[in-house]
Structure formats: C-alpha cells, structure tokens
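Please keep the sequence and the model at hand while reading.

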Amino acid sequence: MRHALAFVSYLAAAPLSAEDARSAAEAYAGLPVVQRQIDDMFAPAMVAQFFRAGVPADVEISPDKMARIGAILSVAMMEKKPEVMEVMVTQMSALFTVEEIEALTEFYQSDAGASAMSKMQPYMQGVMGAMAQVMVPVQQAVLPDIVRILEE
C-alpha cells in the first residue's frame, strides 16, 4: 500500500505532459478573440500591407490594385488558416508551460484581454507600415552588396 501511495504521489508531482500543453494551446487557439485576431491578420488590408512591404518602394501600385491584391491574398490565406492554427498550437505547446498558456487564455477571456486583442490588427498594421518605411530604403541601400554575394 505504501508503494502505491508513493507512486500516486510521484504521478501527482510529475510534470504535465506534452499532451497537456497541447490541449491548453488548442483551448487558447480556439478562443473567439484569438480566432478574430487570425481573421484580422488575414484581412485584405493587412495582407495587402504585408505584400506591399515586400515590393520595392519605386514600384507603383494603385490603391485599386492593392485592394484587389489584398482580396486575392486574403482568400488564399484564409484557406491556410487550419495550417496556421496547427503551427500556432505546436509552437505554443513547445515553448510555453501549461500554466503560462492557461494564464494567456484567462487574460484574453477578460475584458481587458479581449480589448487588447481587438487592437492588435490595427497595431500590427501600423507597425508594418512604419517598418516598411524603414526597411525599404535599407534594402535598396544594401542591394548591390546582396547582389555581389549572390553572384559569388
């Protein structure tokens, strides 16, 4: 009997399994606010901005064309949402403890967490726009060096 109690105590003290972390990550990923964040990230305006950031600044693209590009990219990215969610769950369960994932879940279920999450898309859109303004001139400045490396 003493051995059985010792074994039960050992199991209770054992670290939670990867399955527990995965389950917690799946619960987090399934939150409506997280699902909305992914949808917002794949919204036409957002994916158009990501696209624009990868195109040299001297390439002119009209607002109409950017809107059409954003619409096409948005549909394509939404088709990849299950894969993105799987990557998110896999990464989260590998990097965070169950306790951390549960704390994130609890926070994003709160009013403050839901409010913060609702601001992530415009926040990221603003950051990406600013980053593009910084990165494009840098990329253009170092392009000759990159071309030399690639030609080696």
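The text below covers salt bridges, then aromatic rings, then a pair of helices.

This is a predicted model, in which local features need pLDDT of at least 70 and side-chain atom pairs count only at pLDDT 80 or more, while totals for chains, interfaces and linings use all residues. Residues are numbered from 1 along each chain as its sequence is written, and side-chain values use heavy atoms, with hydrogens and water left out.

## Salt bridges

A salt bridge here is a side-chain nitrogen of Lys or Arg within 4 Å of a carboxyl oxygen of Asp or Glu. The structure has 6 salt bridges.

| Arg68 | Asp64 | 3.0 Å |

Helices and strands are DSSP runs numbered from the N terminus (helices H or I, at least four residues; strands E, at least two). Helix α5 (residues 63-79) holds both Arg68 and Asp64, which are 4 residues apart, about one turn of the helix. Relative accessible area is used to sort residues as buried (under 20%), exposed (over 50%) or partly exposed (in between), with a 1.4 Å probe and protein chains only. Asp64 is partly exposed, its relative accessible area being 46%.

Lys80 sits in the loop between α5 and α6 (81-95). Lys80 and Phe42 are 38 residues apart in sequence, and their C-alpha atoms are 9.9 Å apart in space.

In helix α9 (residues 120-151), Arg148 and Asp145 are 3 residues apart, about one turn of the helix. Arg148 has a relative accessible area of 49% and is partly exposed; Asp145 is partly exposed at 38%.

## Aromatic rings

Rings of Phe, Tyr and Trp (its six-membered ring) count as a pair if their centres lie within 6.5 Å; planes under 30 degrees apart are stacked, over 60 edge-to-face, and the rest tilted. The count comes to 2 aromatic pairs. In one of them, the ring centres of Phe107 and Tyr108 are 4.9 Å apart and the planes stand at 65 degrees, so the pair is edge-to-face. Which of these two residues counts as buried? Tyr108 does, at 14% relative accessibility, whereas Phe107 is partly exposed at 37%. Ring pairs link Tyr28, Phe107 and Tyr108 into a cluster.

## Packing of α2 and α6

The axes of helix α2 (residues 18-29) and α6 come within 8 Å and cross at roughly 135 degrees. Axes are lines fitted to C-alpha atoms, for helices over the stretch in contact, with angles from 0 to 180 degrees between N-to-C directions. Angles under 35 degrees count as roughly parallel, over 145 as roughly antiparallel, 65 to 115 as roughly perpendicular and the rest as oblique; α2 and α6 are therefore oblique to each other.

Contact means heavy atoms within 4.5 Å. On the α2 side, the residues in contact include Arg22, Glu26 and Tyr28. On the α6 side, they include Met85, Glu86 and Val89.
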